[in-house]
Amino acid sequence: MRVSLCLPRAAKAHHSTNYAPFATVTYTRATHAAVLHDLAWLYRPKAAGNIRCSLFPGQGMTPERLEKLESIERVREGYAELGYICSRQIATAIYVAGHLGKPILVEGPAGVGKTELANTTAAYLELPLIRLQCYEGLDEAKALYEWRYAKQLLYTQILRDKLGEVLGEAQGLKESMDRLHAHADVFFSERFLAPRPLLKALREPSGAVLLIDEVDKSDHEFEAFLLEILSEFQVSIPELGTIKAMRRPVVFLTSNNTREMSDALKRRCLHLYVPFPDAPLEREIIQARIPEIPRNLKYQLVSFVQQVRGLDLKKQPSVSESIDWARVLLLLHANELDPDMVRQTLNVFLKFEEDIQSVDVELYGFARQAKKADVAHA
Ligand SMILES: Nc1ncnc2c1ncn2[C@@H]1O[C@H](COP(=O)(O)OP(=O)(O)O)[C@@H](O)[C@H]1O
Ligand SMILES: [Mg+2]
């Protein structure tokens, strides 16, 4: 059923309703945060009676959550309060994805904060985080749902007497099978269903943040299967019927770029590339994670790591390694970068012996340069 609504600033928004189990209002197009805000207000639970508001198809952002995403600046501040420092690019992606109800495909080197971005989003929007860790060989049974075979078997054993009654005077194998078949539904019901992360995320009544982590580790077949879920936000279980997300989850897919994702997957997602941070952003991140770090040490350490990233290494140190290194240096009571201490702790942020040797050669030059960076900002 379609209805016409008089909307203050969103005369062109398309909408439709259906009544099961309660009316849902969905909008397929909206262009401005102010419009979203108006709609959210208009359909707030009190004004709308039993109409639940959904600003985009199937996406159940509540007005309170939309308010938290009302501007890019608000996103940045809110995440910073939770210890996550967003570049403007990241904050913009969160803002847009939140309003459009699109999944975000976050790509970038390991350790730049992709997984943490989903964690922080769940904390910020006060939604449960449901995580699907991808790996080679991951299939629908582990990602979506499976039947609890052991429990089904146990029940058939316990209910042996009852099954005897059901079979009764049945003549021959065929008749027994027919009688059993009539009761098969009992064993393929909710009671024996084991929901896995994707199904759990669709069935969360208040919505969820769904993190499909390291999707590049999964096989091409699994990626194709994900496409279906990400476009429809519903799944069909032959024995139970179709399950549609009541509130579309906020979806993050992360990839460390070990393989290229398909165009089809990219098309369904907003794309966000998170590179290694520049020096000011990395200093902010370290400050957020280790507030007690001395100022000089922070400047020098970040400058040193940034220079190391300029070398041709097997594995570049990432943000997580900078943080680990800062923690170790603090533990050693360092106030500044001392070349000898750097040499002793290179293994904290470099994972290959040949990388350690490459940096060792440059160590004094980098440390000198790092001191200058500190002085320049004094
Ligand atoms: N922008 C950031 N703000 C705060 N912490 C960050 C940021 N980026 C990375 N980190 C820190 O780096 C660590 C590694 O991040 P993670 O999300 O596991 O990386 P990835 O998933 O990209 O491999 C996290 O524990 C987090 O504390
Ligand atoms: Mg990760």
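In which sense do strand S9 and strand S10 pair, and over how many bridges? Select residues 234–237 and 241–244: S9 and S10 pair in the antiparallel sense over four bridges. Here strands (E, at least two residues) and helices (H or I, at least four) are DSSP runs, numbered from the N terminus, and two strands pair if DSSP finds at least two bridges between them. Show Val235 and you'll find it opposite Ile243 in S10. The link from S9 to S10 is a hairpin of three residues.

Before moving on: this is a predicted model, where local features need pLDDT of at least 70 and side-chain atom pairs count only at pLDDT 80 or more, while totals for chains, interfaces and linings use all residues. Residues are numbered from 1 along each chain as its sequence is written, and chains are lettered from A and ligands numbered from 1 in the order in which they are written.

**The open sheet**

Next, colour the five strands that run in the order S5-S8-S11-S4-S12, an open sheet with parallel pairing. Its edge strands, each pairing on one side only, are S5 (129–133) and S12 (270–273). On average, neighbouring strands here are turned by 20° against each other, direction ignored. Axes are lines fitted to C-alpha atoms (for helices, over the stretch in contact), and angles run from 0 to 180 degrees between N-to-C directions.

Zoom in on S4 (104–107) and S11 (250–255), a parallel pair with four bridges. Leu105 stands opposite Leu253 in S11.

**Helices across the sheet**

Contact means C-beta atoms, placed from the backbone, within 7 Å. H5 lies across S4, S11 and S12, at about 165° to S12.

Pick His99 in H5 (residues 88–100). It counts as buried because it has 21 C-beta neighbours inside 10 Å; the cut-offs are 20 or more for buried, 12 or fewer for exposed, and partly exposed in between. Glu70 is 29 residues from His99 in sequence, and their C-alpha atoms are 9.0 Å apart.

**Ligand 1**

Finally, select ligand 1 and the 17 residues around it; Gly113, Lys114, Thr115, Glu116 and Ser320 come nearest. A residue is near if its C-beta atom, placed from the backbone, lies within 6 Å. H6 (114–125), H14 (279–289) and H16 (319–331) each give two or more residues to this shell. Ligand 1 lies between domain 2 (72–142 + 196–273) and domain 4 (279–376), because both give residues to the shell; the bounds come from an automatic or database domain assignment.

Technical notes. Contact = placed C-beta atoms within 7 Å.
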